[in-house]
Amino acid sequence: MELKKGMELKKVKLFSKLEPEELSQIEKTARERVYPRGATVFVSGQEADGLYIICTGRVKVVMLYPDGREKTLAIFREGETLGEVTLYGSELRSATVETLETTTFLVISRESFQSLLMNMPRLCVEVIELLSKRLRRANRHIEELTFLNARSRVICALIYLAEEHGRKKGQEVQIAFSLTHAELAKLVGVSRETVTKVLIELQDKKMIDVRRGKIKINSFAGLQQQQLL
C-alpha cells in the first residue's frame with residue numbers, strides 16, 4: 001500500500017507515540033479510500049466497518065433528524081481518526097460523516113484494530129486518551145448550550161475553529177477552509193440569521209474579516225474576551 005503525498009502514520013495523533021515496528025504492523029492492515037467533496041462516508045445507524053484515518057482533506061460529523069434539521073458535531077482534518085466509539089460495544093455508527101473537500105482515508109477493519117489493541121498496550125492508552133479528549137469537548141459543548149447565549153456560542157465556535165483548524169500569525173488566525181453562515185449555524189445550533197448578525201458585529205469591531213466565506217480572526221485574545229460579554 002502506498003500512502004498518498006508521503007502521509008506518515010507517525011503524524012496521526014493516535015499513533016504518534018508508537019514504535020516503528022508497531023507502525024509497520026498498522027500499515028499492513030490499512031486500506032486506502034478516496035472520497036470527493038460532498039460525499040457521505042458513512043451514515044448514522046450503519047454497521048461499522050472499522051477505524052477511518054484522515055490522510056488528506058477535511059470532514060464534518062453530523063446528526064440528521066427526521067424533520068430535516070442537521071447539527072454539526074465536529075469538524076476533523078488530516079491526522080485525525082473516526083470510528084473509535086464503535087471499536088467495542090455498539091457496532092452501529094452513531095453519526096453521519098460527510099467530506100468538506102476531497103478526502104483520502106486509511107481504513108483499518110474493526111477486527112484488525114481489535115487485534116492490534118490486544119498486542120499494543122501503548123495504543124490502548126492512546127485510544128483512551130483520545131476518547132477522553134472528545135468527551136471533554138462534548139461536555140464543553142453541553143455547557144455552552146446550557147449557560148451561554150447565542151452570541152457567545154457563535155464566538156465559542158469561532159474560537160474552536162481557530163484552535164483546531166487555524167493558521168496562526170501572531171494574534172491573527174486564518175481559519176483554513178471556507179464556511180457559509182448556514183454551515184456555521186449548524187455547528188453552533190442557532191439560526192443562520194443569528195450567525196450573520198454576530199459576524200457583522202464582530203467585523204464592525206474589527207475583530208474578524210470575512211472574505212469569500214473564509215474567516216480571519218484579527219485578535220484571538222480579543223475574541224476570547226468577547227465571548228464573556
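Let's start with the second largest cavity, which is lined by Lys60, Thr72, Ile75, Leu100, Leu179, Glu183 and Leu187. Its volume is about 40 Å³. S5 and H5 each give at least two residues to that lining. By class, the lining has 4 nonpolar, 1 polar and 2 charged residues.

Some ground rules. This is a predicted model, where local features need pLDDT of at least 70, side-chain atom pairs count only at pLDDT 80 or more, and totals for chains, interfaces and linings use all residues. Residues are numbered from 1 along each chain as its sequence is written, and side-chain values use heavy atoms, with hydrogens and water left out.

Now the terms. The search runs on a 1 Å grid over the protein atoms alone. A cavity is a set of points where a 1.4 Å probe fits but cannot get out. A pocket is an open set with protein on both sides within 12 Å along at least five of seven lines. Lining residues have an atom within 4 Å of a point. Points are joined across faces, edges and corners, and a volume is the space filled by probe spheres set on them. Nonpolar means Ala, Val, Leu, Ile, Met, Phe, Trp, Tyr, Cys and Pro; charged means Asp, Glu, Lys and Arg; the others, Gly among them, are polar. Helices (H or I, at least four residues) and strands (E, at least two) are DSSP runs, numbered from the N terminus.

How many cavities of 30 Å³ or more does the search find? It finds 2 in the whole structure. H3, H4 and H5 are the elements that give two or more residues to it. The class count is 6 nonpolar, 1 polar and 3 charged.

On to the pockets. The largest pocket has about 1000 Å³ of space. It is lined by 38 residues, and Ala74, Phe76, Arg134, Leu135 and Arg137 lie nearest its centre. Which element gives the largest share of that lining? H3 does, with 12 residues. The classes run 17 nonpolar, 7 polar and 14 charged.

The second largest pocket has about 220 Å³. Of its 14 lining residues, Arg37, Leu100, Glu101, Ser178 and Glu183 lie nearest the centre. Here we have 3 nonpolar, 5 polar and 6 charged residues.

Back to H3. This helix covers residues 121-147 and reaches 39 Å from its first C-alpha to its last, close to the 39 Å expected. The expected span is 1.5 Å times one less than the number of residues. Its buried residues are Leu123, Glu126, Val127, Leu130, His141 and Glu144. Buried means under 20% relative accessible area, exposed over 50%, partly exposed in between, with a 1.4 Å probe and protein chains only. The cover over these residues includes S5, S6, H2, H4 and H5.

Last, strand S8, residues 103-109. In S8, 6 of the 7 residues are buried. Strands pair if DSSP finds at least two bridges between them. S1 pairs with S8 in the antiparallel sense over 5 bridges, and Arg33 has Phe105 as its bridge partner. S3 is also antiparallel to S8, over 6 bridges. There, Gly50 partners Ser109.

Notes: Contact means heavy atoms within 4.5 Å.
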